[in-house]
Amino acid sequence: MSRSSATTGAQQHCQALEDALRRLRVHGLDQLAHWGHRLAAVLPAGGRLLAAGNGGSAAQAQHLTAELVGRYREERPPYSAIALHAETSSVTAIGNDYGFEQVFARQVAAHGRDGDVLVLLSTSGRSGNLLSAAMTAREAGVEVWALTGPAPNPLAEAADQALCIDTASTATVQEAHLVAVHLLCESFDAALASSGTATVRTAPRRAVAAVRRTR
Ligand SMILES: O=C(CO)[C@@H](O)[C@H](O)[C@H](O)[C@H](O)COP(=O)(O)O
């Protein structure tokens, strides 16, 4: 590849990301603010966030859980958030014994409680293991949020709520998802601060069922 065609490809990549972020700014910020506020009600009350994705989306999903267990910007209590794909022994055992479609669903059945939230990230919105996890979660009373590529797709339809990035390239979807993850964390921290919860200790896990959903 010549230097000029590589530069053209890089320009197109940057342009696609700029376009995707412009659409996210117009169509996605309200959804992310709503999710941040919702998490600020669920997690301090003892609820849990479960997250999962495949490949590049696994990296984005565990980026989100790390921000919640550690911190995003400001000092605050740790909150319960688990990246299911990072449970290597569970993933390999469940995949080996029950099939790859079950690697997340079985963990959702194990860890998810009524009132918890499951976030699933997928560029295609068609990964069977994520669709199985969404169905298991909804049966367990776990609220399902999907971050996907272009709509319509089966995962967005299976979720309670979805934020779909309308762009053709898988890489651009993943990059926009990372921005969405950070915006969600910003909204979560702002909601905690405005409710005065940011410095309060997390409630015992059994209290989660008392958190009413506002779908
Ligand atoms: O990162 C990439 C491509 O950019 C790949 O690893 C990609 O994440 C994998 O092909 C995934 O299996 C795609 O799954 P999904 O996003 O469609 O659910």
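Glycine 125 counts as buried, because it has 26 C-beta neighbours inside 10 Å. (Buried means 20 or more other C-beta atoms within 10 Å of a residue's own, exposed means 12 or fewer, and partly exposed lies in between; C-beta atoms are placed from the backbone.) This is a predicted model, where local features need pLDDT of at least 70 and side-chain atom pairs count only at pLDDT 80 or more, while totals for chains, interfaces and linings use all residues. Residues are numbered from 1 along each chain as its sequence is written.

So where does glycine 125 sit? Look in the loop between β3 (117–122) and α6 (128–139). Leaving out residues up to four places away in sequence, glycine 125 touches Ala146, Thr148, Gly149, Asn153, Pro154, Leu155 and Ala156; a contact here needs C-beta atoms, placed from the backbone, within 7 Å. The C-alpha atom of glycine 125 is 8.6 Å from that of proline 152, though 27 residues separate the two along the chain.

Zooming out, the protein has 8 helices and 5 strands, in the order α-α-β-α-β-α-α-β-α-β-α-β-α. These are DSSP runs numbered from the N terminus: helices are H or I with at least four residues, strands are E with at least two. Some overall values:

| Property | Value |
|---|---|
| C-alpha span along principal axes | about 60 × 45 × 30 Å |
| Buried share of the 215 residues | 44% |
| Share of contacts with a separation of 6 or more that join residues 24 or more positions apart | 74% |

Now for a helix pair. The axes of α3 (residues 56–69) and α8 (residues 170–195) come within 10 Å and cross at roughly 10°, which makes α3 roughly parallel to α8. (Axes are lines fitted to C-alpha atoms, for helices over the stretch in contact, with angles from 0 to 180 degrees between N-to-C directions; roughly parallel means under 35 degrees.) Residues of α3 including Gln60 and Leu64 meet residues of α8, among them Leu178 and Val181. This contact has 5 nonpolar, 6 polar and 1 charged residues. (Ala, Val, Leu, Ile, Met, Phe, Trp, Tyr, Cys and Pro count as nonpolar, Asp, Glu, Lys and Arg as charged, and the others, Gly among them, as polar.)

Both helices turn up again around the ligand: α3 and α8 each supply at least two residues of its shell, and α8 gives the most, with 3 residues. Among the surrounding residues are Asn54, Ser57, Ser122, Thr170 and Gln174, where near means a C-beta atom, placed from the backbone, within 6 Å. By class, the shell has 1 nonpolar, 10 polar and no charged residues.

How values were computed:
Two residues are in contact if their C-beta atoms, placed from the backbone, lie within 7 Å. Angles under 35 degrees count as roughly parallel, over 145 as roughly antiparallel, 65 to 115 as roughly perpendicular and the rest as oblique.
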